Amino acid sequence: MKKKNNNIIHNTKQQQQDNNNNNNVNTTTTSGSVIGSGGGGTLDSRFNQTLKNVQGMLKGRSIPGKVLLTRKSDPLEDFVVSPEASPNIERSFSENYAGTSDHIDTSIEAEAWSTSKQNETSASSKLQLSKSDVEIKVKEVQKSPMGARATDSARIMRFTKELSGSTVILEKLRELAWSGLPPYMRPTVWRLLLGYAPPNSDRREGVLRRKRIEYLDCVAQFYDVPNTERSDDEINMLRQIAVDCPRTVPDVTFFQLPQVQKSLERILYTWAIRHPASGYVQGINDLVTPFLVVFLSEYLEGSVDNWSISDLPPDKILNIEADCYWCLSKLLDGMQDHYTFAQPGIQRLVFKLKELVRRIDEPVSKHMEDQGLEFLQFSFRWFNCLLIREIPFHLVTRLWDTYLAEGDALPDFLIYIFASFLLTWSDNLQKLDFQELVMFLQHLPTHNWTHQELEMVLSRAFMWYSMFNSSPRHLAN
């Protein structure tokens with residue numbers, strides 16, 4: 001492994017010094033110190049080391065193109081970094097996050113390229129940009145509110161090609177969607193990824209129409225009835241939903257509109273009645289919000305904060321509710337035991353998260369254990385609400401592109417996303433006592449996050465997933 005790394009990058013004197021300072025890094029397990037949140041030159045050196053580790057790990061392997069770490073320097077043969085270029089080492093996580101375009105407008109790839117023959121062929125004909133061109137491109141990515149990767153013209157053409165066929169090939173669509181979707185394509189793609197809309201385009205409109213009518217029938221049967229026809233448990237459940245709806249995404253004024261809360265109430269109550277094994281559980285209300293925003297975006301433009309659904313016809317609102325209901329049902333079908341009595345599915349994932357963090361970053365794991373902090377105390381909400389309460393809401397739909405692209409593998413992949421999320425603050429966590437840890441983890445400093453920070457979390461998550469998920473003994477005590 002180390003021999004391969006040495007063949008990939010010839011370190012400058014400064015980099016050699018940085019590597020000496022980090023000579024305790026285990027290149028097989030990726031020590032948590034690599035991903036600490038230090039600043040300035042320390043962060044650059046840590047990234048250099050992480051880049052080398054990833055390159056060495058992935059050298060000669062074929063895995064889906066979901067990790068792309070790039071350097072802002074001239075592309076050189078054999079990935080040689082010149083002394084002049086080394087100060088300009090940066091990360092660009094949005095522009096070419098999954099190697100799916102016909103050409104790559106970046107400097108250096110971390111060998112996480114797709115296994116398809118088309119991508120293998122295109123890799124030999126990459127376009128090389130000058131240093132000034134790359135700098136301009138990086139600035140454009142940083143300015144983009146969605147990340148350039150989601151709006152790259154080549155990827156949009158591939159999306160259009162996949163969606164225009166008579167039958168959508170879901171595996172190809174998942175590969176593309178993993179790295180983010182153009183907002184205007186998101187409603188269609190989400191319906192397909194969740195299995196709500198059929199891949200066959202001839203059947204799609206008919207199936208959606210039938211499902212929407214079925215939802216309306218359920219609302220009429222279960223929701224639009226007087227309390228005298230409900231059991232005591234149903235009355236209590238409806239009351240709890242009515243209490244939770246105003247608490248849903250309180251930072252976004254759109255969700256405080258009475259009409260929006262009424263839609264949430266109808267969706268949640270109907271779902272709970274039709275899923276008696278779990279019924280309504282606090283946290284499910286948060287899971288409806290990404291669907292509601294995405295499907296409303298087909299009719300409303302601009303910022304969510306400026307939306308109003310009062311101008312939409314009632315039939316459109318009910319169709320949107322129906323789509324939210326069925327997509328929520330499809331999502332939760334893959335994690336049913338997360339919301340049954342005692343929520344055993346979440347407890348199992350919390351335990352796996354603890355083991356993974358111990359393996360990746362033992363100093364953080366030991367410090368938290370020494371302080372008496374249990375993972376269940378802070379990560380339960382993460383699994384229950386899928387991080388919706390932990391990151392700015394404008395990043396949630398991008399995160400959910402990856403969630404839905406994972407399909408049935410999502411519960412296992414959540415462990416790696418949450419480990420990456422937690423260890424973003426590796427250095428900070430080791431300096432805090434118990435009370436400070438609790439307060440910090442309940443109010444994480446993500447309010448200024450952009451797509452770039454989120455892409456980094458997803459990059460690390462996929463890297464660790466590739467390393468550990470097929471080798472469970474690595475996580476055994």
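What you're looking at is a predicted model, where local features need pLDDT of at least 70, side-chain atom pairs count only at pLDDT 80 or more, and totals for chains, interfaces and linings use all residues. Residues are numbered from 1 along each chain as its sequence is written, and side-chain values use heavy atoms, with hydrogens and water left out.

**The whole chain**
- The protein chain has 22 helices and zero strands; helices (H or I, at least four residues) and strands (E, at least two) are DSSP runs, numbered from the N terminus.
- Of its 477 residues, 55% are buried, where buried means under 20% relative accessible area, exposed means over 50%, and partly exposed is in between (1.4 Å probe, protein chains only).
- Take the contacts (heavy atoms within 4.5 Å) between residues at least 6 apart in sequence: 74% of them join residues at least 24 apart.

**Where α9 meets α13**
- Helix α9 (residues 186-193) and helix α13 (residues 284-296) have axes that come within 8 Å and cross at roughly 130 degrees.
- Those axes are lines fitted to C-alpha atoms, for helices over the stretch in contact, with angles running from 0 to 180 degrees between N-to-C directions.
- That makes α9 and α13 oblique to each other; angles under 35 degrees count as roughly parallel, over 145 as roughly antiparallel, 65 to 115 as roughly perpendicular, and the rest as oblique.
- From α9, Arg186, Pro187, Trp190 and Arg191 meet Pro290, Phe291, Val294 and Phe295 of α13.
- The residues of this α9 contact with α13 split into six nonpolar, no polar and two charged; Ala, Val, Leu, Ile, Met, Phe, Trp, Tyr, Cys and Pro count as nonpolar, Asp, Glu, Lys and Arg as charged, and the others, Gly among them, as polar.

**Helix α17**
- In α17 (residues 376-385), the buried residues include Phe378, Trp382 and Cys385.
- Their cover includes α13, α15 (344-360), α16 (362-370), α19 (410-422) and α21 (434-442).
- Leucine 386 follows α17 and has a positive phi, near 55 degrees.

**The largest pocket**
- The largest pocket holds about 730 Å³ of space.
- On a 1 Å grid over the protein atoms alone, a cavity is a set of points where a 1.4 Å probe fits but cannot get out, while a pocket is an open set with protein on both sides within 12 Å along at least five of seven lines; lining residues have an atom within 4 Å of a point.
- Of the 26 residues lining the largest pocket, Asp251, Arg381, Ile388, Arg389 and Glu390 are the closest to its centre.
- α13, α17 and α21 each supply at least two lining residues, and the largest share, three residues, comes from α17.
- The lining divides into 10 nonpolar, nine polar and seven charged residues.

- Aspartate 286 sits in α13 and counts as buried, at 2% relative accessibility.
- Leaving out residues up to four places away in sequence, aspartate 286 touches Thr248, Val249, Cys385, Ile388 and Arg389.
- Proline 258, in helix α12 (residues 258-274), counts as exposed at 66% relative accessibility.
- Glutamate 175 is found in helix α8 (residues 170-177) and is partly exposed, with a relative accessible area of 37%.
- Glutamate 175 and threonine 402 are 227 residues apart along the chain, and their C-alpha atoms are separated by 9.4 Å.

Definitions and conventions:
Points joined across faces, edges and corners; volume = space filled by probe spheres on them.
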